[in-house]
Amino acid sequence: MSNVKLVKLDNRVFRVPLSSFTKTIYTNKSNTENITPDKENAELFILRVPCEIDYRGAIIGKKGATKLKIMRESGVKEIFIPSSDLDEDIVIKGYDEESLQHARDLIYKIIEEIQSKETNRPTHFLSLPLMDPDFMVKVERLYDDWMELSTDKDFLASIMMPPKCLHLTICTMCLRNESEIKKATNLMRSLSSQVYDMLNTHSALLKIKGLALMKGTIKNARVVYAEVQKEQSYNTIIEVSKFLIDRFRKEGILIKEAEDKEILLHATLLNTKYYSNKQKNTYDATEIFEQYGNTNFGNVLLRNFSLCVMGTKNAEMGYKSIEKISLP
């Protein structure tokens, strides 16, 4: 979303930072104060509905389908949605107040659904970074081999997880403000000694061997990952992970995964969602699996549990971490 809003004033358009605005609170309480007669057609009434620019596309829908659905369900004659470059109200025209209010409520429902998704979108994730030097070297060599095989090198390069960003995701969470971030980081600090004790001062080692798919088929792969074998410290790591998730939940922190969802320890190597062109979202991994499907990455030493910020993947620095629990 844009960081500025275009505002029309006295026939001039100004770029105003979004931080200057308070968020619009949408309500479906019925009122008639904004309903006025249509000066161009005496049979019609007009209702003006405030709507932030970012939500207008969803109200229009693909090829106008959502707008037409609102019109059919409410019975209004027309809905005029201003272009995305001007700060103006949506204008609804209809024959009676009830249909106008119904259309307005349907618009607000769409906006509320979008706001709910935005509010509960994952912002951070708890992970086990895979910073073992031997493992990273093996992945880099594997990537080189895959590039040699590929007939679409640009696409393949864009969907590879940078070696310094490799990790095992434990869970994702929604930390909606600074207070919740502070609560999460303070909790991790307070649990550090308990985690250390659960490992009984033993080093945390995981064996990573073989490739598998998260989504798609080998010919139309979306996510390819390296498998974590259920040996070495596997059971202990799962136990500690469940302990941490449980403590986060008890502190009221929103964990996105369902409570009964099994933790799947895996190291994502390829993910087509990283590719900017959404029209191409699968990769033919046939040769990769035929030649490298049983790759043995060896034993990987885990250094810490890390609370990272979503969307901060950096090939040189890895993900931004805001708190860590060191392991023996």
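This is a predicted model: local features need pLDDT of at least 70, side-chain atom pairs count only at pLDDT 80 or more; totals for chains, interfaces and linings use all residues.
## Helix 7

Helix 7 covers residues 234-250, and at 1.5 Å a residue its 17 residues should span 24 Å, which agrees with the 25 Å that separates its end C-alpha atoms. After the helix comes Gly252, whose phi is positive, near 85°.

The buried residues of helix 7 are Tyr234, Ile237, Ile238, Val240, Ser241, Phe243, Leu244, Ile245 and Phe248. As background to such a list, an α-helix has 3.6 residues a turn, so residues three or four places apart point the same way.

## Helix 6 against helix 7

Helix 6, made of residues 178-198, has an axis that comes within 11 Å of the axis of helix 7, and the two cross at roughly 150°. Because angles over 145 degrees count as roughly antiparallel, helix 6 is roughly antiparallel to helix 7. The crossing of these two helices is right-handed.

On the side of helix 6, the contact is made by Ala184, Leu187, Met188, Leu191, Gln194, Val195 and Met198, while helix 7 contributes Thr236, Glu239, Val240, Phe243, Leu244, Arg247 and Phe248.

## The strands

Strand 9, which runs over residues 204-216, is joined by 6 bridges to strand 13, residues 296-302, and the two run antiparallel. Within this pairing, Leu206 has Val300 of strand 13 as its bridge partner. Strand 9 is also joined by 6 bridges to strand 10, residues 221-228, again in an antiparallel arrangement, and here the bridge partner of Leu213 is Val224 in strand 10. A hairpin of 4 residues links strand 9 to strand 10.

Strand 10 in turn is joined to strand 12 by 5 bridges, and these two strands run antiparallel; Glu227 stands opposite His266 in strand 12.

## Ala103 in helix 3

Ala103 is found in helix 3, which covers residues 97-119. Its relative accessibility is 0%, and because buried means under 20%, Ala103 counts as buried.

When residues up to four places away in sequence are not counted, Ala103 touches Ile70, Ser74, Val76 and Ile92. One of these, Ser74, lies 29 residues away along the chain, yet the C-alpha atoms of Ala103 and Ser74 are separated by 5.2 Å.

Definitions and conventions:
Residues are numbered from 1 along each chain as its sequence is written. Side-chain values use heavy atoms; hydrogens and water are left out. The expected span of a helix is 1.5 Å times one less than its number of residues. Buried means under 20% relative accessible area, exposed over 50%, partly exposed in between (1.4 Å probe, protein chains only). Two strands pair if DSSP finds at least two bridges between them. Axes are lines fitted to C-alpha atoms, for helices over the stretch in contact, and angles run from 0 to 180 degrees between N-to-C directions. Angles under 35 degrees count as roughly parallel, over 145 as roughly antiparallel, 65 to 115 as roughly perpendicular and the rest as oblique. A crossing is left-handed if the near helix is turned anticlockwise from the far one by less than a right angle, and right-handed if clockwise. Contact means heavy atoms within 4.5 Å.
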